[in-house]
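Shall we go through this model together?

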Amino acid sequence: METIRNWLLPLLLAAGQGVLLWSGGDLGAPALAVVLCASALETAALGYRRTAPVRALACTLVALVLGGFAAPDGWLGSGPLIALYSVAVRCPLPVTAWAMAGGVGVEWAVTAVQRGPGAPAAAEMGVCLAGYALCAGLGETRRQWLAGRLSATRRLAGAEHSRRVAGDRERHRLARELHDVSAHHLTSVVVSVEAACRLQDSRPDLAAEALSFAERTGTETLTALQRLVGVLRDADDADHRPMSARIEELVAGFGRLGRPVTARLPGDLTGPAAEAVHGIVREALTNTLRYAPGAAARVLVRRAGGLLDVTVENTAPRLVPQGAGGLGAGRGLAGMRERAASVGGELSAGPTREGGWRVHATLPDGAQAGRPAESAWRRDVLREQRLADPAVALTATVLPVAFALALAEDWPAAARRADLPGLLVVCGLLALHALPLLWRRRAPWTVFLAVMVTAWAGPAAVTVLRLPSEVAQCLVGGTVVEVLAVYAVAAFGHGPGRTWPAPVAAALGTACGVTALACADGSVAGEPAGPFDAVVLPFALSVVLCPVLLAVWGTGLLVRRRRLRALAYDDFALAGSLWQADRAAEAERRRLADSLRDAVLTHTRALVAAARRGEMEEVAGTARAALAAMREMLHSLDEGESEDEGGGEGGVGGRPLAPSPSAADLDALCHALRSAGRDVRLRGLPEAARELPPSVQVSVYRIVEAALGAGDPGPARVTLRRRRGTLRITVTGVRLAVAGPVCERLRVQVAAGAGRLVCEPAGTLRVSLPAGAVPAPVQEVSPSPFA
């Protein structure tokens, strides 16, 4: 399919060139040979316009020079325009500008040599400039559209990657949360109670302290675990209040425990950074409660330069910690650093000069980061006007002027000299009429009204300046501006229900304007103008123009609908990926809640009851049992993460790995996808995969598997070709695989096989691998969802 797209248009142009030569008369043998060589060069160059657009443009310009001089009236000369469009689609704006300047320069030079000075040459140069500007503008618009689609594809690929690792991330987060909340509490109970048992004979007072500490810590752990289980089980009823209110409630809860805590923070904290702030503040205040009893604490969150500056500071402890100091596992500070790093921030902690403790974190402000992104998005949308809209305005101005210059060649010499000022006035009026098109995307209705108003400048100038009818009729060509304004209203206005008056108003306004131009000199078709002409002519022109403008309006609506559907598809796919990620995370939360309720909570309740009865041995045993259940749960979370990651060389959990796949298994992969409802076709498998080394076999399968498994729901095509020791893999219809994490993994995979990867924004992957043994080891791209 891709080969047909590359060569169909060049072959059609070559066929048209042949028909033109056949019907254009006899050429000498040398000229015919030159034209045939030029046509072959142009056809070959346009065949590679997608991969080497600049070189294709240079070759088509060479063909233009050869063919233009060998057959001045028998050369189409359309190749440079098509090549320039490809340059604008695939190259940045400066390259496009230089390419357009080079193409226009070559065309003008050929025209000047062939036509000589005069109005026909000027008219041809004007048409050439308009054509090149229009092709470059349309190509730039297409490039901006593809860039937007690529950006959306990258976001969707990132969402797909997040969906796949959501379970792992949630397990890791829950393990950290569980450890922070209770693991070191249970460890401290075991250490303190066993120390009291050993020193019971020499220090009998430690027993009462150890039991009191065990009861207090067990109660605190039990409360935290019950709250955690409630949060995990009621994930669907999560707290949707702003994070600022939840942090204030957290601070108020510590204040109710008798600790003087003050807080000062913004009222609109949202996003992952706000979640990290909540976790850091909670852990820091917990440490203050544990290690600095009676100390005053202060929480300060400020915005500065797009960052959140978080400070949690406490004064020196007023009381000596009893049993808590030195019994922590040291996980709290590491957990706070992990929270800060997870959102791209930093955290530091240390003692103050006054003997207290200070935790300071700097985090990216997610709420503020979204605003520059929106501004950048608006700049990207308006950036389409850098070349496209000026090109449209230039074309709408130059084409009527070129038409006027072409007509001026038939005028007598005296008339041409006398009408030269009138031609200049007409050029100025046409430019004024087309100037509003520069803002057709920003304010389409304002542009439409400006176009309708400036259309009457022509009849006014003809009436006041008494311009000849030969010059005045050139203003009729300016009606193309009304057509473009109607299209702009339909494509960039606010909904079809509000834009339907535009084509009707444009038809009536244009008909009246053309009638005024026709009657401005007092005659219509050589006859004196009368009231009948002023009534019948606008009606007749409106009947003719209205269907045309309605068709243009409908085309604009179709283009608008196509774009909106593409954006809606992206939003739907992104929302689906996020929903699946939430479901995966919820499944992990529920699994952990069940484990907590069935194992750890039971032992923790028994620990508190034994501490209240004063049974130290039972307290120690129960604490050990609760700690063992906790560690077993954390170990099960780690095992689940390892299983999802695919394990090591020896398999997962003692299970051996499955045999390495080969290129021959691609048929089964495509069949599985077709069974799932996706149209996936495979071509060239038996011949291309014959006698490939095992490492290349695995690489081929993993590359195709990763591309097809990126998440695209539409049809896909996989083509394998083997030429001169190189295996070429082409996968089409995989927009989600050309950007984001999937693309990066594919680059690693291809680089490991000493190959080359080309990603096209339209959703095509091109991979070249050496068909011999590869020097680098084969790397697994990702676990197969179809194996």
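What follows is a conversation about a predicted model.

Biologist: Let's begin with the overview. How many helices and strands does the protein chain have?

Modeller: There are 25 helices and 12 strands in the protein chain. Of its 787 residues, 44% are buried. The accessible surface comes to about 38700 Å², with 61% of that belonging to carbon and sulfur atoms.

Biologist: Which share of the contacts between residues at least 6 apart in sequence joins residues at least 24 apart?

Modeller: That share is 76% in the protein chain.

Biologist: Now to strand S3, residues 307-314. Why is S3 described as largely enclosed by the rest of the structure?

Modeller: Buried means under 20% relative accessible area. In S3, 7 of the 8 residues are buried, so the strand is largely enclosed by the rest of the structure.

Biologist: What makes S2 and S3 a pair of strands?

Modeller: Pairing requires at least two bridges found by DSSP. Strand S2, residues 297-304, is joined to S3 by 8 bridges, so the pair qualifies. The two run antiparallel, and Ala297 has Asn314 in S3 as its bridge partner. Their hairpin has 2 residues between the strands, and Gly305 takes a positive phi near 60° there.

Biologist: How do you know that S3 also pairs with S5?

Modeller: The same test applies: at least two bridges are needed, and 8 bridges join S3 to strand S5, residues 357-364, in an antiparallel arrangement. Leu308 stands opposite Leu363 in S5, while Val310 stands opposite Ala361.

Biologist: And what links S4 to S5?

Modeller: Strand S4, residues 346-351, is joined to S5 by 6 bridges, and these strands run antiparallel too. Pro351 stands opposite Trp357 in S5. In the hairpin of S4 and S5, 5 residues lie between the strands, and Gly355 takes a positive phi near 95°.

Biologist: Which residues lie nearest the centre of the largest cavity?

Modeller: Of the 17 lining residues, His433, Ala455, Leu475, Glu482 and Leu517 lie nearest the centre. H19 supplies the largest share of the lining, 5 residues. By class, the lining has 8 nonpolar, 8 polar and 1 charged residues.

Biologist: What makes Tyr487 a contact of Arg440?

Modeller: A contact needs heavy atoms within 4.5 Å, and Tyr487 is on the list for Arg440. Their C-alpha atoms are 9.4 Å apart in space, and the two residues are 47 apart in sequence.

Methods
Residues are numbered from 1 along each chain as its sequence is written. This is a predicted model: local features need pLDDT of at least 70, side-chain atom pairs count only at pLDDT 80 or more; totals for chains, interfaces and linings use all residues. Side-chain values use heavy atoms; hydrogens and water are left out. Helices (H or I, at least four residues) and strands (E, at least two) are DSSP runs, numbered from the N terminus. Buried means under 20% relative accessible area, exposed over 50%, partly exposed in between (1.4 Å probe, protein chains only). Accessible areas come from the Shrake-Rupley method with a 1.4 Å probe; for residues, only the protein chains shown count as cover. On a 1 Å grid over the protein atoms alone, a cavity is a set of points where a 1.4 Å probe fits but cannot get out, and a pocket is an open set with protein on both sides within 12 Å along at least five of seven lines; lining residues have an atom within 4 Å of a point. Ala, Val, Leu, Ile, Met, Phe, Trp, Tyr, Cys and Pro count as nonpolar, Asp, Glu, Lys and Arg as charged, and the others, Gly among them, as polar. Lists of a residue's contacts leave out its neighbours within four places in sequence.
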